[in-house]
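This report covers a chain interface, a pair of domains and the nonpolar cores of one model. The structure comes first.

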Amino acid sequence: MSKLNSKIPKGPLDSKWTNHKGKINLVSPSNKRNIDIIVVGTGLAGASASATLAELGYNVKSFCFQDSPRRAHSIAAQGGINAAKNYQGDGDSTYRLFYDTIKGGDYRSREANVYRLAEVSGNIIDQCVAQGVPFARDYGGLLDNRSFGGVQVSRTFYAKGQTGQQLLLGAYSAMNRQIARGKIKMYSRHEMMDIVIVKGKARGIIARNLVNGEIERHSAHAVVIASGGYGNIFFLSTNAMGSNVSAAWKIHKKGAFFANPCFTQIHPTCIPVSGDYQSKLTLMSESLRNDGRIWVPKEKADAKLIREGKLSPLDIPENKRDYYLERRYPAFGNLVPRDIASRAAKERCDNGYGVNKTGEAVYLDFSHAIIRYGEEKAKVSGLDSSDSKLVLKLGKEIVKQKYGNLFQMYEKIVDENPYEIPMKIYPAVHYTMGGVWVDYNLMTSIPGCFAIGEANFSDHGANRLGASALMQGLADGYFVLPYTIGDYLSNEISTGEISTDLPEFEKSEKEVLEKLKKLLSNKGEKSVDFYHKKLGKIMWNKCGMSRNEKDLKSAIKEIKELREDFHKNVKIPGGLNEFNEQLAKATRVSDFLELGELFAIDALERNESCGGHFREEFQTDDGEAIRDDKKFKFVSAWEYNNDPSNPILHKEDLDYEDIEIKTRSYK
Amino acid sequence: MKLYLKIWRQTNADSNGSFQNYEIDEITPDMSFLEMMDVLNEKLIIEGVDPVAFDHDCREGICGSCSLFINGRAHGPDTGITTCQLHMRKFQDGDSIVIEPFRASSFPVIKDLVVDRTSFDRIQHAGGYISINTSGNTQDANTIPIRKEDADNAFDAATCIGCGACVATCKNASAMLFVSAKVSQFSYLPQGQVEAKDRVLNMVKQMDEEGFGNCTNTGACEVECPKGISIKNIARMNKEFLKAKL
Amino acid sequence: MNLFSSSIGRKILMALSGLFLVVFLTQHFLINVTSVFSEDIFNMLSHFMGTNPLVQFVLQPILIFGVIFHFVMGFYLELLNAKSRKKNYIKFSGGSNSSWISRNMIFSGGVVLVFLVMHFIDFWIPEMNYKYVEVLPEDPNRYFEELVHKFESPIRTSIYSFSFIFLALHLLHGFSSSFKTVGVDSRYYNLIQKVTFLFSIIIPAGFIFIAIFHNITA
C-alpha cells in the first residue's frame with residue numbers, strides 16, 4: 001500500500017486546486033522549447049492536451065492509429081457535456097455537480113479529483129464556444145441545456161445528437177493550429193507498441209507505422225496516454241472497431257498500476273443485437289430518456305406473443321404495460337443513472353418479459369411525448385388541440401426536431417419507423433470507468449508517464465453519469481494536465497534531448513519485433529476475430545451486467561485457456577512490413593486476453609455491489625445493490641507481476657471529507 | 001443472399017492494382033455492408049488469402065473512416081449514410097456489386113480500398129481553426145449571443161465528417177464541399193469573423209496545392225454527403241473568397 | 001488581385017465571362033428578332049452595329065476576347081479537372097446524383113463552339129471582308145437580304161437549330177451555376193433557377209424560330 005501516493009493537496013476541498021496550481025513548479029517558456037512530450041491518442045483528452053501543451057511551448061508528438069486525429073471515438077458521443085454553469089437558474093453549482101458525480105459513481109471516486117472536475121467544467125464551455133463549437137442555442141441566442149440521467153438539474157450542453165463530434169472537431173482545430181505552427185508533429189496511422197523506460201522514467205515509445213509496418217523509436221521527456229477505454233474487451237460494444245487497451249496495457253506491464261478494471265458501464269439504450277455476424281453495437285443517446293418511456297408488457301404471455309411476432313406493441317393497452325423504471329424509481333423514473341436502468345432492463349428480460357426474438361430488448365416509447373408536445377404546440381399555435389390527427393402530426397414534428405438524427409439512425413439500422421412503433425433497446429457495453437491508476441497530477445505509477453481521459457480511472461468511480469465523459473476528457477486535456485505536467489517537467493529542464501539510440505530503446509524495439517514475428521509465424525487456423533468474439537462472450541456472460549463468484553472463477557480459467565490457445569492457433573495472413581490490419585488487431589486482442597483475466601480477478605475480489613459492478617451475492621430482496629463501505633471503500637490498483645494471472649493488489653483508501661456517504665437511492 | 005463481388009485489390013501505393021471477383025453466400029438483409037465484408041474476409045483468412053483492406057472504425061456513421069465506392073456511388077446506393085450504415089437489405093439475392101476505392105489524385109490508394117486522405121488534414125492545418133489559446137481565460141460563453149438561425153447554420157456546416165465522399169463522387173474530384181463546410185461554419189459565427197479573410201484564402205490555396213479539381217456546381221456532392229451538407233456552403237465560400245480578394 | 005492563380009478565382013472568371021456572353025446573347029437576340037416583323041428596323045440596327053466605331057473597335061474586340069477567354073478557360077479547367085482523377089472508376093453512376101447537363105458542359109460548350117466557328121464563316125468573315133478588305137461601298141439596306149439568303153438552305157437552318165438546342169442545355173446549367181460561383185446568397189436560388197429556366201428556353205428557342213421563319217418565308 002505504501003506504493004500509492006495520490007498526492008492530494010492539503011486544505012479545504014474548494015481551494016485545493018487553486019492552491020495546488022499556485023504552488024506547483026513551472027517550466028519557463030525558454031525551457032519549454034527544449035522539452036518533448038509524446039501524446040498517444042487524439043480523442044477529446046489527447047487532442048486537447050496536445051493542443052494546449054503545444055500552445056504552452058512544449059514540442060508535442062501526437063500519435064493515433066486512425067488516418068486522422070479527427071476520427072478518434074470521442075466523435076461518436078451524442079448527448080452532451082455537463083458543466084455547472086447554472087444558466088437555467090435551477091440551483092446548479094460546482095458543489096452540486098461534484099456531489100452528483102460522486103453519488104452517481106457510487107462513492108468510489110476520488111473526492112479531490114471530482115471537485116476539480118466540477119470546478120473547471122464551466123471553463124470548458126467558454127473555451128469551446130470561443131473555438132467556434134456550435135452548441136445548441138435558444139431563440140434569444142443563448143446556450144441551451146437539457147437534463148441527463150441521475151441528476152435533477154439541466155446542465156447538459158449539446159449540439160444536437162453530435163456533441164462529441166463538435167467538441168472533438170474543436171480540439172482537432174486547436175491541434176491543427178499547432179500543427180501549422182510546427183509545435184505538434186502528428187503521427188497518424190501509428191500504433192504505440194511499447195513504452196520505453198530509462199532509469200525509472202518514461203522516456204519514449206516504440207511505435208509501428210501501420211501503413212508500411214515499420215517500427216519507429218520516439219523519445220520524449222514525458223509520455224501521455226490518452227488512448228481511451230477498453231470496452232472492446234467485450235467484442236460487442238458501442239466503441240469503435242479499433243478502440244483498444246494496448247497503450248494502457250503496455251504501460252501497465254511496465255509498472256503503471258491498473259485501477260478498478262471491473263468498473264464497466266453498460267449503457268441502457270442501445271440497439272439490440274440482431275445476429276452472430278454483428279460487429280458492433282450502436283448507442284441511442286441517453287437524452288432519449290428525457291422523452292421516451294421504457295416499458296415491457298405486464299403479462300409474460302403478451303411478451304411471448306410479441307417475441308413470436310404474433311402481437312405488436314401497439315396492441316398492448318396502457319393498463320397492460322409495465323413502466324418498470326417509473327414503478328421502481330418514482331423520483332427519477334426513466335432518468336435513473338445508467339447502471340440502474342441497465343440492470344432493471346436485464347432483470348425484466350431475464351424474467352421473460354423481453355420483446356424481441358432473442359428476448360433481450362425492452363421498449364422505449366415516444367407516443368406519450370408526441371401527444372404531449374403536439375397538444376402544447378396546437379395550443380400555442382391556436383389550433384384545435386382535440387384533433388388527434390393534428391396533434392400527432394405536430395408532436396412528431398417536434399420530436400423530429402429534437403431527436404431526428406437519432407430516429408433516422410435507428411430506422412436505417414432496424415428498418416422500423418420509431419415514430420410509429422416503439423424503439424427496441426437493450427443495454428450494451430459503453431464506457432470503462434476503470435483504467436490506469438493516476439495520482440492527483442494525473443501521473444501514473446511510472447514517473448513521467450501520465451494518463452488522461454477514459455484511459456485513467458480517476459473521476460467516475462463505479463459508474464459514470466451521462467455527459468460526463470466529454471467533460472472529463474476536456475478537463476484533463478485543456479485544464480489539468482497542462483499544469484500538473486509542468487511540476488514533473490520542471491526537473492527535466494537540463495536533461496537535454498533524449499537519444500533513441502539508448503540501449504533501452506533498442507531492447508524495447510527488439511521485444512516488440514519478436515512479439516510481432518512470433519504472431520506472424522504462427523501456423524494456426526483460426527482468425528483473430530474468432531478469439532475476440534469468444535473472449536467477448538465470456539466477458540459478457542460472466543463479467544457483464546451481473547457477476548457471481550462461480551462465474552468469475554470460471555471466467556478466469558476460460559480466459560487463461562483462451563489466451564494460450566490464441567498464441568498457439570491464431571492465423572495472421574500477410575507480413576510485418578506492410579499494411580496488415582489483422583496483425584494490428586492481433587496485438588490488440590492479445591492485450592485484451594490478458595486484461596480480461598485481471599478484469600475478472602478484480603470483480604472477484606470486490607465482494608460488494610456498487611455502480612456498474614453488480615455481484616449477485618450482494619443484493620437486497622428487491623434486487624438493489626448492497627455496497628460495503630467498510631471493506632471496499634478503496635480503489636483497487638493492480639500491479640503487473642510477470643504474468644497476467646498473478647497481479648498484486650494495492651489499495652488506495654477513499655476519504656470523503658466533504659460528503660456524507662449514503663446508500664445511493666433514486667426512489 | 002448470394003452475391004458476386006468485384007473488388008479492387010492493390011498491394012500497396014506503388015503497385016498496379018486490379019479487380020478480383022469473389023462469390024459470397026449466406027448474407028442476411030440485416031447485416032451492414034461492412035459486416036458483409038467481414039464475412040468475406042473471415043473466409044479469405046481461413047483460405048490463407050490476404051483479406052481485403054478497407055478503412056472503418058466507429059461503424060455508426062460519424063467517424064468518417066469508411067470510404068467505399070459501391071456500384072458507382074460513394075457510400076453505395078442509399079443516401080444520407082456512410083458505408084457502415086448501408087445495410088444489405090438494399091441489395092437483392094444474386095446481385096453483382098462493384099467495390100472500388102474513393103478515387104482522386106489527392107487520395108492515393110494505400111492498399112486495396114484504403115486511401116490516404118491526409119490532404120484533408122493539411123487543408124485544415126492551413127486555417128480550419130479560430131486562433132485562440134485553450135487557456136480557459138476566455139470570456140463567459142453567454143457573453144456573445146448568437147442568433148439561433150446562425151448557430152443552426154454553423155452546426156449544419158460543422159457536421160462534416162471528412163469522409164471524402166464529396167471528392168469521390170465529384171466528376172472533377174473537387175473538395176469544395178469539404179472546404180466550404182469549414183469556412184462556412186466559422187463565417188456564421190462572430191468568433192470566426194476576425195480571421196475570415198486569411199482563412200478562406202489559405203484554405204483554398206492549400207486545396208489547390210493538393211490537386212483537387214474545380215467545382216462545376218453539379219450538385220453530386222450534396223446528394224452523396226452522408227451528413228447532407230448543402231452546396232449553398234460552396235456559394236458562401238465563393239462569396240467569402242471574393243470578399244477577401246477585393 | 002490575381003484571380004487566375006486559384007481554383008475559385010478561375011471559376012469566378014469563367015462565370016463572369018459566361019454572364020457577359022449571356023448579355024451579348026440577349027442583345028444579339030433582340031436585334032435578330034426584329035427581322036421577323038420589320039426589315040427596316042433590322043437593317044437600321046444592323047447598320048448601326050456594323051458601322052458605329054464604338055461597337056466596331058471597342059465592344060467587338062471585347063466580345064471576341066470574351067468568347068475566346070470563355071472557351072480557352074473552359075478547356076483549361078477541363079484539363080485540370082481530368083488531372084485531379086488520373087485513374088477512373090470502372091463504374092460511375094453520375095446520373096444518380098447529378099444531371100447529365102451539369103456533367104457535360106464541355107460537350108454542350110464544344111458543340112456551341114463548333115457552331116460559332118461556322119457562324120463566323122457565315123457572317124462575320126464576309127462582313128469583315130466587305131468592310132475592311134474589299135472596302136465595298138456601304139449599303140444600309142443590305143443586311144436583311146443577306147440574312148434571309150443564309151437561311152434559304154434547309155441544311156444550314158437545321159444545323160443552326162440543332163446547335164441552339166445545345167446552347168439551351170449549356171445555359172440551363174451554366175446560367176444558374178454562374179450565380180452560385182460568384183457567391184450569390186442561397187435565398188435567391190429559387191428565383192435564379194426560374195430565370196435560368198426561362199432564359200435558357202426562350203432565347204435559344206427564339207433563335208431557332210428566327211432561322212426557321214426565314215427558311216419558310218424565303
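## Interface of chains A and B

In chain B, 67 residues are in contact with 67 residues of chain A; contact means that C-beta atoms, placed from the backbone, lie within 7 Å. Helix 1 of chain B contributes the most to this side, seven residues. Other elements giving two or more residues include strand 6 (109–111) and helix 5 (176–187) of chain B. Helices (H or I, at least four residues) and strands (E, at least two) are DSSP runs numbered from the N terminus.

By class, the side of chain B that touches chain A has 27 nonpolar, 24 polar and 16 charged residues. Ala, Val, Leu, Ile, Met, Phe, Trp, Tyr, Cys and Pro count as nonpolar, Asp, Glu, Lys and Arg as charged, and the others, Gly among them, as polar.

The model is predicted: local features need pLDDT of at least 70 and side-chain atom pairs 80 or more, while totals for chains, interfaces and linings use all residues. Residues are numbered from 1 along each chain as its sequence is written, with chains lettered from A and ligands numbered from 1 in written order.

## Domains of chain B

Chain B has domain 1 (3–111) and domain 2 (119–245), with bounds from an automatic or database domain assignment. Their centres, taken over C-alpha atoms, are 29 Å apart. Domain 1 of chain B gives 19 residues to the contact and domain 2 of chain B gives 17.

## Nonpolar core

Val167(B) is among the members of the largest nonpolar core, of 293 residues, that touch the most other members. Residues touched by Val167(B), beyond four places in sequence, include Phe102(B), Phe178(B) and Phe212(B). A core joins buried Ala, Val, Leu, Ile, Met, Phe, Trp, Tyr and Cys residues through C-beta atoms within 7 Å; buried means 20 or more other C-beta atoms within 10 Å of a residue's own, C-beta atoms being placed from the backbone.

How values were computed. Contact = placed C-beta atoms within 7 Å. Buried ≥ 20, exposed ≤ 12 C-beta atoms within 10 Å, placed from the backbone.
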